[in-house]
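These are my notebook entries on a single structure. I record what I looked up, item by item.

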Amino acid sequence: MKIVMVGQGAFGQKHLDGIKNIEGVEVASLVGGNPESTAAVAKKYGIPHSTSKLEEALARPGVEAAIITSPTQIHAAQAEQVMRAGKHVEIEIPIADSLADAKRIAATQKATGKIAMAGHTRRFNPSHQWVHKRFQAGDLRLQHLVVQTFFFRRKNINLEGKPRSWTDHLLWHHACHTVDLLHHQTGEIAQKVHAFEGPQHPELKIALDMSIQLRTPSGVLCTLALSFNNDGPLGTSFRYICDNGTYIARYDDLFDGKDNKIDVSKVDVSMNGIELQDREFFAAIREKREPNSSVAQCLPTMEALDRLQQSLSAP
């Protein structure tokens, strides 16, 4: 299977690292905004072609699909371009930074019949998969999901410490992980949502702190604290407070409530959530089926984020 990788930045390279472990998949072209860095990343990963033009990459012989890791603001336009060209698409989280653009992607998927998958990695991390299987088996019932997402981003730089051409967002990107995870783990859609944000940064023009609360129809609570002001350990932790134990997920790793590590190495074929996410995308293409984390499945998350956005301006 030949694919196109769109985005030469830190997250595009995370996908390229995972794809190296997946047999039967070849990255035929790398698309990036900066020709020099795109060519350098293509050389690093042995990709035979690089370009700044998506249409050029999609026209390469045998290309079946594209993975989009470009800036969020152009996700919808690029996803539509990929599907209109007759290719399947996986769009990194968030698929868009507005409900209108998310609906645009979903409508294009329906019109073209191509596979469109959202890169909601938390569904695939072995840690969250382990908990999900316990929920499905009836061994656990979630009562409260408590999440902390902390970074130090008072300047517009990426994971590699390089300047970004776009601005990250606590609600439409980082909260998206948690809202979708709540929906996925409970099988419910958040019924009540509310958000508060701190002052806007004078240069970045976004709030660097946010507090979010959600409740499902059955009464499961979710409390999410987010900050780009945190000068300390970075990243996200998910605390599942259940009727029969507490579990803490830190990306692919899982711990109990007393911080004892739980072995999740047998949950799936890899301990890399991004690799597992990509494996699902390729499997869905080969098996001609809807993938876990399809755009259609994730649209309620985008609707909940839109409601949270509206609550920020409520009196």
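**Entry 1: helix α4.** I began with helix α4, residues 75–84, in this predicted model. The helix is mostly covered, with seven of its 10 residues buried. I listed the buried positions as H75, A76, Q78, A79, E80, V82 and M83. I then asked which elements the buried residues of α4 pack against. They pack against strands β1, β4 (63–68), β5 (88–92) and β6, and against helices α3 (54–58) and α5. Just after α4, I noted that G86 takes a positive phi of about 85°.

**Entry 2: I68 and S70.** I68 lies in strand β4, and S70 is found in the loop between β4 and α4. Is I68 buried or exposed? Its relative accessible area is 0%, so I68 counts as buried, the limit being under 20%. S70, with a relative accessible area of 10%, is therefore buried under that limit too.

I set aside residues up to four places away in sequence and read off the contacts. I68 touches V6, H75, Q78, A79, V82, V89, E90, I91 and E92. S70 touches V6, G7, H75 and Q78.

**Entry 3: the six-stranded sheet.** I traced the sheet that contains β4. It is an open sheet of six strands, with parallel pairing, in the order β3-β2-β1-β4-β5-β6. Its edge strands are β3 (50–51) and β6 (116–119), each of which pairs on one side only. As background, I note that strands of a sheet pair through backbone hydrogen bonds, either parallel or antiparallel.

I checked two of the pairings. Strand β1 (residues 2–6) pairs with strand β2 (residues 26–31) in the parallel sense over five bridges, and M5 stands opposite L30 in β2. Strands β5 and β6 run parallel and are joined by four bridges; here V89 has A116 in β6 as its bridge partner. In which directions do the residues of β6 point? A116 and A118 point one way and M117 and G119 the other way, and all are buried.

**Entry 4: the eight-stranded sheet.** I then turned to a further sheet. Eight strands form an open sheet in the order β8-β9-β10-β7-β11-β12-β13-β14, and the pairing is mixed. The edge strands are β8 (192–197) and β14 (261–262), each pairing on one side only. Within this sheet I looked up β7 (residues 142–150) and β10 (residues 221–227), which run parallel and are joined by seven bridges. The bridge partner of V146 in β10 is T223.

Entry 5: I recorded the general expectation before the particulars: in soluble globular proteins, nonpolar side chains tend to be buried together. The largest nonpolar core holds 72 residues, and I95, L171, I212, Y240 and L305 touch the most other members. Apart from this core lies another of 23 residues, among them L16, L30, A42 and M117.

I took I212 for a closer look. Leaving aside its neighbours within four places in sequence, I212 is in contact with L171, A175, H194, A195, C222, T223, L224, L226 and L308.

**Entry 6: second largest pocket.** I asked how many residues line the second largest pocket. There are 13, of which Q109, A116, E290, S294 and A296 lie nearest its centre. The pocket has a volume of about 180 Å³. Helices α5 (99–112) and α9 (295–312) each supply at least two residues of the lining. By class, the lining comprises seven nonpolar, two polar and four charged residues.

**Entry 7: cavity.** I found one cavity of 30 Å³ or more in the structure. The largest cavity holds about 50 Å³ of space. Of the 10 residues that line it, R153, K155, N156, D168 and L204 are the closest to its centre. I classed the lining as four nonpolar, two polar and four charged residues.

Terms used:
Residues numbered from 1 in each chain as written. Predicted model: local features only at pLDDT ≥ 70, side-chain atom pairs only at ≥ 80, totals over all residues. Heavy atoms only, no water. Pairing = 2+ DSSP bridges. 1 Å grid on protein atoms, 1.4 Å probe; cavity = no way out; pocket = protein on both sides within 12 Å on 5 of 7 lines; lining within 4 Å. Points joined across faces, edges and corners; volume = space filled by probe spheres on them. Nonpolar A, V, L, I, M, F, W, Y, C, P; charged D, E, K, R; others polar. Core = buried A, V, L, I, M, F, W, Y, C linked by side-chain atoms within 4.5 Å. Buried < 20%, exposed > 50% of the residue type's maximum accessible area, 1.4 Å probe, protein only. Contact = heavy atoms within 4.5 Å.
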